[in-house]
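Trainee: I have a new model open and would like to walk through it with you. Can we go piece by piece?

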Amino acid sequence: MATGNGSGWQVRHWTHRFFTITTITTGAGAFALQNFQYAAPTTVDDAIQALSEHGEQAKMLAGGTDIIVQLREGMCEADAVIDIKRIEELMQLEYSSRVGLQLGAGVPCWKIYQHAELSVAYPALVDATRIIGGWQIQSRASVGGNLCNASPAADTIPTLIAHNAVCHIAGPQGRRSLPVEQFCAAPGRNILQPGEILVALTFPPPLPKASSAYERFIPRNEMDIAAAGAASWVQLDDTGERIVKARIALGAVAPTPIFAQEASSWLVGQPVNDETFVEAGEIAKKVASPIDDMRGTREYRVHLVGVLTKRTLAKATHRAQAE
Amino acid sequence: MSNVIVQPSSTRPRKYNVIGTRPVRHDGVDKVTGKAIYAADLSLPNMAQGAYLRSPHAHARIISIDTSQAEAMPGVLAVATSADLPDPWDKTEELGEGCINYAHLSGNVLARKKALYRGHAVAAVAATDIHTAQQAARQIKVEYEVLPAVTWVLDAMEEDAPLLHDNLFTQTLGEKPTKPSNIGQHIHFEQGDIEQGFAEADVVIEREYRTETVHQGYIEPHASVALWNEDGRLKIWTATQGSFTVRQQLAELLKIPVSKITVVPCEIGGGFGGKIAVYEPPVAAVLSRKCGRPVKLAMRRDEVFEGTGPTPGSFMRVKMGATKEGRLTAAKAWLAYDAGAFPGGMIGPGSMCVFSCYDIPNATVDGYDVVLNKPKTQAYRAPGATQAALATETVIDEIAVELGIDPVDFRLQNAAKEGTRRVDGPTYPRIGLVETLQALKESEHWNSPLEGPNRGRGVACGFWFNAGLKSSAAANVNDDGTVTLVEGSPDIGGTRTSLAMQLAETLGIAAEEVHPQVVDTDSVGYTDVTGGSRVTFSTGLAAHKAALDIQDQMIKRAAELWECQPDDIQVDAGTYGYNDHKQTFKELAVELSSTGEAIVGRAAVNPQGSTNAFSANIVDVEVDPETGKVKILRFTTAQDAGKAIHPSYVEGQMQGGSVQGIGWALNEEYFYDDRGAMKNASFLDYRMPTSYDVPMIETIIVEVPNPDHPFGVRGVGEVSIVPPPAAITNAIHQATGLRMHHLPISPPRLHQAIAERNGQ
Ligand SMILES: Cc1cc2nc3c(=O)[nH]c(=O)nc-3n(C[C@H](O)[C@H](O)[C@H](O)COP(=O)(O)OP(=O)(O)OC[C@H]3O[C@@H](n4cnc5c(N)ncnc54)[C@H](O)[C@@H]3O)c2cc1C
C-alpha cells in the first residue's frame with residue numbers, strides 16, 4: 001500500500017476498509033469518513049511541499065481530536081491528511097527559566113501539565129491543558145491544534161495571549177512570527193496562508209512576582225465547551241501589594257479569543273484588592289461581544305466575563321504572592 | 001453510602017436464603033468484557049447497510065419524493081418511503097406503557113403527507129456499504145412546502161395555531177368539537193367539593209410551571225437488523241424493551257400475521273420507556289424485502305435526539321389549600337403536556353399522579369394532550385409523573401413554609417395510605433409512603449445540620465404505578481441439578497438475576513445454579529414489555545410459579561422413587577425428605593435425570609392492578625450566586641421496594657433515577673431555534689450529568705411488602721426519577737430565597753432570577 005513519491009515523504013492510499021476508525025464507528029451508524037490520502041512527513045519542508053501540492057484539500061493532523069471529528073461529521077473535507085507528529089521540531093518541548101518555553105506545535109497537553117517546572121512558570125497554560133477533554137484527549141490533543149482550530153471557545157488560546165506567546169510559522173515563502181492575539185481570524189479560521197504550518201509557540205521567560213490563572217465557565221463540571229473563559233497574568237511589585245503589569249485575555253465571547261487591552265492597561269499601578277479585580281472585570285466586559293446560543297445568552301456571557309476576570313485575577317495574584 | 005433497610009413492624013419477617021443477597025449478575029462478565037451482543041454488533045452474510053433521510057423542516061407538506069437518482073447509484077440496493085408501507089388502520093392498542101395508534105405509528109416511522117418535526121424520517125436507503133447508503137440518502141430529492149411550526153405547548157393550544165392534523169378532534173367527556181385542533185384529549189378528574197375545600201383553607205397557594213422537553217438519553221442508539229426471507233418469514237434482531245410488542249407492531253404496520261415474525265431481543269443499552277414504540281424495525285424490514293438481503297439500520301446520536309421519543313415539555317398550574325393545623329383541604333391542577341407530533345402523550349399518567357401522594361378530600365384535575373412540531377413523545381421512567389411532582393411538591397413546600405410546619409411532617413400529616421382514594425378514582429391497598437417519609441425523617445442526613453452560605457436543603461416525594469401484565473417463563477432442570485430459566489423480558493436493569501433469584505429461592509438452590517436467558521419470540525410464551533417497573537414483580541411471579549411447577553414434579557417423581565405418596569414428602573428449603581430419605585434438590589435432580597422424563601416447569605401469569613411505588617428525597621445544594629450554578633452537595637433517596645430481591649440492583653435503580661432527575665432539574669433541555677430546529681442534538685450540548693456532577697447518591701430501601709406477591713415485591717424501576725426536580729427546586733429556594741418555576745434551572749436561568757431579585 002505504501003508508495004514513496006520520491007520527495008522523501010510517504011503517501012499511503014488508504015481505503016476505508018483499512019482505516020480502523022471508519023470500521024469501528026460505522027457500526028453504530030455514524031457518518032462515514034471519506035477516503036483520503038495519508039502522509040507523515042519527517043521535515044517541515046516536506047510538510048510544506050505536501051500541503052502545497054493538495055492546496056485547500058489538504059488538512060494537517062496533530063492529535064486529531066478536532067480534525068478527525070470534523071471529517072467524520074462532514075464539517076470539512078480532505079483529499080489528503082498530513083500528520084505532523086513525525087516532525088521532530090514540532091514535537092519538541094524545551095524550557096529554561098532564562099530563555100522561556102519553546103513549545104512544538106504538535107506537543108500533547110499531558111506533556112505540559114506533567115512538566116515539573118511549567119506549572120510554576122506558566123500556570124494559566126497548565127490550568128487550560130488540564131481541562132481539555134479527559135485523559136484520552138489530553139494524551140493526543142496539542143496546544144498547536146487547539147490554536148490552529150481557532151475555536152472562539154478554545155481553552156488554551158486565552159492563556160497563550162495572557163502569557164504573551166508568539167507563533168512561529170513556516171511556509172513556501174519562508175518563516176515568520178506573530179503574537180498569538182493576531183493568529184485567529186474568525187470562528188474556525190486562522191491567518192495561515194496556503195502551504196503554511198504552525199511550527200512552534202514561544203513564551204517569554206517567567207518574571208519574578210508574576211503568575212497567572214485560567215478559568216472557564218461550563219454548566220457541568222466536565223465534557224463541555226466554555227460559555228466564557230478568562231486568563232489573567234499579573235506581575236506584582238516587591239511588596240506584592242500593587243500590580244505592575246497585567247495581561248487579560250477572554251475566550252468564547254467574541255468571534256476569536258481576544259486580548260482585553262484596556263482592562264490590562266488599567267490594572268497597571270492598581271492595588272491588589274477585590275475592588276480592583278471587580279473594576280478590571282467591568283472594563284473587560286466592554287470588549288465582549290458574544291452570541292446568544294444554547295451555551296448561554298449574550299447578557300449572561302458578558303456577565304461571566306466580569307466574574308471570571310475577577311476570579312482569575314484573584315487567583316493569579318494569590319499565586320504571585322506565594323512565590 | 002448508607003443503606004438502612006427498614007422493616008416496618010406491621011410485617012411478619014421472613015427468612016430467605018437467596019432473596020436479599022447480592023450475587024454477581026449472570027450477564028456481568030459478558031458486559032464488562034465487551035462480549036455482550038448488541039443489535040449494532042451484528043453482522044450477517046451479505047448484509048446491507050441502511051441510512052435515513054430526515055426532514056430538515058419542523059413542519060412541511062411533502063409535495064414529492066424523487067428517489068431515482070439515489071436508486072441509480074452503484075451499490076444502492078433499495079430505497080423505501082412511506083409508499084412502501086401498507087395503508088395503516090386507525091386502531092389503538094395498549095403497549096404496557098402507553099397506547100399506540102397504528103395510523104400515527106406508521107406516519108411516524110416514515111412521514112406520509114407531512115413532515116411533522118425536524119428529524120422526521122422521510123425515506124431510507126439500503127446499500128452495500130454505509131458510505132454509499134449515506135450518500136444515496138442525500139441524493140433523494142424531496143420537494144417540501146414549508147409550513148409554520150409550533151413548539152411550545154401553550155402556543156399550540158391557541159385557536160389560530162398552525163394545525164398539525166386536520167382530522168384531530170379533541171377527545172373529551174363533553175361535546176365532541178366540530179373543529180379540529182392540536183388538542184388530542186381533555187382529561188378531567190374530580191372528587192369532593194372543590195369550592196368548599198378552598199373555602200375551608202387558611203392558606204392557598206397557586207403557581208405556574210414550565211418544563212422543557214428532555215430525552216431518556218439511553219447510551220445505545222436504536223439499531224435493528226431485518227431479514228425478510230423469500231418464504232415470507234421476517235426475522236428482526238433489535239434493541240427493544242419488548243420483543244413481543246415489536247412483533248405486534250410489525251404485524252400491524254406491515255399487515256402480516258404475527259406467526260410470520262420472529263423478534264430476537266439483543267442486549268439493550270438502556271431504554272427508560274423510549275424503546276417500546278418501533279422506529280427502524282419496519283423500515284429495515286421493508287428494505288430487506290425489497291433487496292432480498294439482511295439490512296442493518298442503526299441511528300446516530302443526533303438522529304436519536306431529533307427522531308425518537310423525548311418526554312413532554314409541559315405547562316402546569318397547581319393550586320392547593322390547607323388549614324392552619326396543616327390539613328390539606330383542596331387541590332386543583334391544570335396541566336398541558338406536549339405529545340409531540342402525534343396525540344397520545346403522557347398526560348394520562350401525569351393527571352393521575354399529580355396529587356397521588358396525598359389524601360385530599362376535594363380536588364379537580366384537568367389535563368390536555370397537545371400535539372406540536374416536536375418528535376412524538378414516549379414514555380420516560382414514570383412518564384408524566386416528574387413534571388406533575390415538580391408542581392405539587394413545590395406548592396406543598398410553600399404551604400409548609402407558610403404554616404411553619406416541618407416539610408416532612410407536613411407531608412406525613414397528609415400522606416396517602418391504605419384506604420385513601422386517589423383523585424382519579426382508585427383506593428389504595430397497603431402502600432408505603434408513610435414508612436418512606438418516616439425513614440427519611442430518621443435518616444442521618446435529615447438529622448445532620450446543613451451549614452454555610454448559599455446552601456439549602458429540600459425534600460420532596462413522588463408516586464408511580466407499577467404494572468402487572470403478561471409474563472411467561474419456562475425452566476428446565478438439567479441432569480447436573482442446575483436449572484435453565486427461559487424468559488422473555490429484555491434485561492435492562494439486572495432482571496435476569498432478580499428472576500433467577502426468585503426461582504432459586506423457591507427451589508432452595510443457589511442463584512448461581514440458575515442459568516437465566518432472555519430468548520426470542522418463538523422460544524417463550526407471550527411476555528409484555530420491560531416497562532412499568534413490572535419485570536421483577538410480574539415475570540418474577542412467573543419464575544416463582546415455574547419453580548413451584550418443578551417442585552410439584554420433583555415431589556411426584558420422588559414419591560415414585562421412594563414408594564410413598566406425594567403428600568408424604570416434606571420439602572424444606574430445597575431438601576426433599578420422607579422417612580430415612582433426605583435429598584437436596586440437586587441430589588434428587590441428578591438421580592431423577594436417569595429415571596424418567598425431563599423435568600420442565602412452566603408458568604404464564606397476568607397479574608392485574610398496580611403495585612404502587614413511593615420515593616422521597618433529601619437534597620442539599622450550594623448555589624454560586626455569581627454564576628447561578630448549582631452544586632449537589634448531598635443526595636439521599638428513600639424508596640419502598642416491597643421486598644428488595646437484589647438490594648444492589650434496587651439501589652442502582654434508585655441512584656440512576658435520581659441522577660436522571662438531577663439532570664432534568666438542572667441542565668437537560670431541547671434547545672430549539674425559532675424555526676423549530678433542535679440546536680443541541682449531541683451529548684456535548686444536551687447536558688446530562690456526568691460523574692463529576694453528582695455526589696454518591698445515598699439510598700434507603702424501605703420494605704413494606706406488597707400483599708399481592710409471594711415475596712412482597714413492588715416495582716422499583718421508575719419512581720426514583722419523580723421527586724428530584726422538586727426536591728432540588730425546594731433546596732434552591734432555601735439557598736437563595738427564590739422559587740424557581742421553570743426547568744431546567746440552568747445557570748443562566750437561575751442567575752437571571754438572582755439578578756432580578758437583587759434589582760440588577
Ligand atoms: C471529547 C473531546 C473533548 C474536548 N474538550 C476540549 C476542551 O475542553 N477544550 C478545548 O479547547 N478543546 C476541546 N476539545 C477540542 C480539541 O481536543 C482541542 O482543540 C485540541 O487541542 C486540538 O488539538 P489536536 O492536536 O487534536 O488538533 P487536530 O485535530 O490534529 O488539529 C486541529 C486543527 O488544527 C490544524 N493543525 C494542527 N496542527 C497544525 C499545524 N502545526 N499547523 C497548521 N495547522 C495545524 C488541523 O488541520 C486542524 O484543522 C475536545 C475534543 C474532544 C474530541
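Trainee: Is A:Asp155 buried or exposed?

Mentor: A:Asp155 is buried, with a relative accessible area of 7%. Buried means under 20% relative accessible area, exposed over 50%, and partly exposed in between, with a 1.4 Å probe and protein chains only. Before going on: this is a predicted model, where local features need pLDDT of at least 70, side-chain atom pairs count only at pLDDT 80 or more, and totals for chains, interfaces and linings use all residues. Residues are numbered from 1 along each chain as its sequence is written, chains are lettered from A and ligands numbered from 1 in the order in which they are written, and side-chain values use heavy atoms, with hydrogens and water left out.

Trainee: Where is A:Asp155 in chain A?

Mentor: It sits in the loop between helix H8 (143-149) and helix H9 (156-162) of chain A. Helices (H or I, at least four residues) and strands (E, at least two) are DSSP runs, numbered from the N terminus.

Trainee: Which side chain does A:Asp155 have a polar contact with?

Mentor: The side chain of A:Tyr214, at 2.5 Å. A polar contact is a pair of N or O atoms within 3.5 Å; within protein, one must be able to donate a hydrogen and the other to accept it, and residues adjacent in sequence count only if both atoms are side-chain atoms.

Trainee: And which residues is A:Asp155 in contact with, leaving aside neighbours within four places in sequence?

Mentor: Among them are A:Ile131, A:Asn146, A:Tyr214 and A:Arg216. Contact means heavy atoms within 4.5 Å.

Trainee: Zooming out, how many helices and strands are there in chain A?

Mentor: Chain A has twelve helices and 16 strands. Its C-alpha atoms fill a box of roughly 65 × 45 × 30 Å, taken along the principal axes. Buried residues make up 53% of its 323 residues.

Trainee: What radius of gyration does chain A have?

Mentor: Chain A has 20 Å, which agrees with the value near 20 Å for a compact globule with 323 residues. The radius is taken over C-alpha atoms, and the globule rule is 2.2 Å times the number of residues to the power 0.38.

Trainee: Now chain B. What is in there?

Mentor: Chain B has 20 helices and 31 strands. Of its 760 residues, 64% are buried. The C-alpha box is roughly 90 × 75 × 50 Å along the principal axes. The radius of gyration is 27 Å, in agreement with the value near 27 Å for a compact globule of 760 residues.

Trainee: In contacts between residues at least 6 apart in sequence, what share joins residues at least 24 apart in chain B?

Mentor: In chain B that share is 79%. For chain A, the corresponding figure is 60%.

Trainee: What caps the N-terminal end of H12(B)?

Mentor: B:Asp406 does, with a side-chain oxygen 2.8 Å from the backbone nitrogen of B:Val408. Helix H12 covers residues 407-414 of chain B, and its buried residues include B:Val408, B:Phe410 and B:Leu412.

Trainee: One more: where is B:Ala336 found?

Mentor: B:Ala336 is in strand S18 (residues 328-340) of chain B. It counts as buried, at 0% relative accessibility. Not counting residues up to four places away in sequence, B:Ala336 touches residues including B:Val153, B:Met157 and B:Tyr368.

Trainee: How far is B:Ala336 from B:Gly642 in space?

Mentor: They are 33 Å apart, C-alpha to C-alpha, and 306 residues apart in sequence.
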